[in-house]
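Notebook open, new model on the screen. I want the overall build first, then a look inside.

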Amino acid sequence: YQKMILTRNKEDIRLFLNGNLQFSSIDEYRYHESLVHIPFSMSLKRDSVLILGGGDGLVVREVLKYPDIKTVTLVDIDPEITHLAKTHAQLKHLNQNSLADPRVTIHHLDAMRFLAENKATYDQIILDLPDPNNVSLARLYSQEFYRLVKQRLNKTGIMTTQATSPFFAKQTFWCIVNTLKSAGFQTVKPFHINVPSFGEWGFILATNSRILPSNLTVPTRYLDPEIIDQAFYFSKDLQSDNQEASYLDDPNVLGFYLNEWKYWN
C-alpha cells in the first residue's frame with residue numbers, strides 16, 4: 001500500500017511512509033503519550049480499546065500501561081507495517097514488543113470498512129491515521145466516517161484522533177474539529193502539544209458523555225497534570241474562524257490540507 005523507509009542516525013530511528021515522517025524515536029513518546037493518556041486520564045472505563053492505524057505498535061505500547069485493559073483491537077490496512085513492527089529488532093525494542101501481547105488482535109482492513117462491518121463497541125477509540133493528504137485518506141476525516149466511529153463507542157466512551165498541525169495547517173485542523181461536531185458528538189475538545197520533529201501538533205477528543213477531570217495514573221516521560229491542562233488552551237495565532245466541515249462527497253479537509261502544507265513542504 002505504501003513505500004516504507006526505516007532510517008537510523010546514531011540513536012535516532014525514523015519511519016517514513018510515502019516520504020512522510022511517521023515518527024522519530026527521539027521524541028515520539030510526546031506524540032503517543034498525548035494521543036493515549038490525555039483521553040484515558042479523563043475516562044470512566046477503558047476495558048476495550050480500538051486503534052485505527054498505529055501499525056508500528058507505539059500507540060499499543062502506551063495503551064498496555066493500564067492494568068485494566070482487557071482487549072486491544074488494532075486495525076491497519078497494511079500487513080507489512082505490522083510485520084515490520086513485530087519482527088524488526090529495533091522497532092520491537094521501541095514498541096516493547098507490544099503487538100505480541102495476547103490481549104492484542106490485529107486486522108488488516110480499511111478503517112471505514114472495519115467500522116461498517118463490525119458491530120462491536122469500545123470504551124476507547126484511537127485514530128492514529130495519516131494526514132488527509134489524498135482523496136482516500138480524506139474519507140477518514142469525513143462526517144460519515146466520524147458517525148461510524150460514534151456508533152462504535154460505548155455510552156461513556158471517548159474517541160481521540162490526531163489532527164495535523166494547528167500552526168502549519170490551521171484551517172485543516174479546525175475543519176476536523178467542525179466535522180466531529182457535525183457528526184453529533186456531545187463534547188468535542190481539541191488540544192495540542194509540541195513534538196520537536198513535527199512542531200506544534202493537534203489532537204481532538206470527542207465523546208457522547210461528559211469528560212472527567214484528568215487523573216494521570218501511569219508512568220510517563222512527558223505528560224504531567226500541568227501539561228495536560230495547558231494542552232487545551234489555544235493561543236490567538238492557533239485559533240481560526242473556519243466553520244467548514246468535511247464530507248465524503250465534499251472533502252473540504254483535503255483542499256485545506258493541500259493548500260496549507262504546500263508552503264511548508
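Predicted model: local features only at pLDDT ≥ 70, side-chain atom pairs only at ≥ 80, totals over all residues.

I looked up where they sit on average: the 27 positive and 29 negative charges have mean positions 4 Å apart.

Then the fold in outline. I count 10 helices and 10 strands. The radius of gyration comes out at 17 Å, close to the 18 Å from the globule rule for 265 residues, so I can call the protein as compact as a globular protein of that length. I also took the extent of the C-alpha trace, which spans about 45 × 40 × 40 Å along its principal axes.

On to the cores. The largest nonpolar core holds 39 residues, and Ile51, Val63, Val72 and Ile126 have the most contacts inside it. I listed the elements that each supply at least two residues of this core: among the helices are helix 1 (28–40), helix 2 (58–63), helix 9 (225–231) and helix 10 (252–261). The strands on that list include strand 4 (48–53), strand 5 (71–75), strand 9 (187–195) and strand 10 (199–207). Which element gives the most to this core? Helix 1 does, with six residues.

Beyond its neighbours within four places in sequence, Val63 is in contact with Val36, Phe40, Val49, Ile51, Ile69, Val72 and Ile126. There is also a second, separate core of 37 residues, and I noted Leu129, Leu140, Ile176 and Ile204 among its members. As a reminder for myself, nonpolar side chains in soluble globular proteins tend to be buried together.

Last entry: phenylalanine 114. I place Phe114 in helix 5 (residues 111–117). Is Phe114 buried or exposed? I read a relative accessible area of 2% for Phe114, and the cut-off for buried is under 20%, so Phe114 counts as buried. Setting aside neighbours within four places in sequence, I find Phe114 in contact with Leu50, Thr73, Val75, His107, Leu109 and Tyr122. I checked Val75 from that set: the C-alpha atoms of Phe114 and Val75 are 7.7 Å from each other, with the two residues 39 apart along the chain.

How values were computed. Residues numbered from 1 in each chain as written. Heavy atoms only, no water. Helix = DSSP H or I, 4+ residues; strand = E, 2+ residues; numbered from the N terminus. Rg over C-alpha atoms; globule rule 2.2 N^0.38 Å. Lys, Arg positive; Asp, Glu negative; His and termini not counted. Charge placed at Lys NZ, Arg CZ, Asp CG, Glu CD. Buried < 20%, exposed > 50% of the residue type's maximum accessible area, 1.4 Å probe, protein only. Contact = heavy atoms within 4.5 Å. Core = buried A, V, L, I, M, F, W, Y, C linked by side-chain atoms within 4.5 Å.
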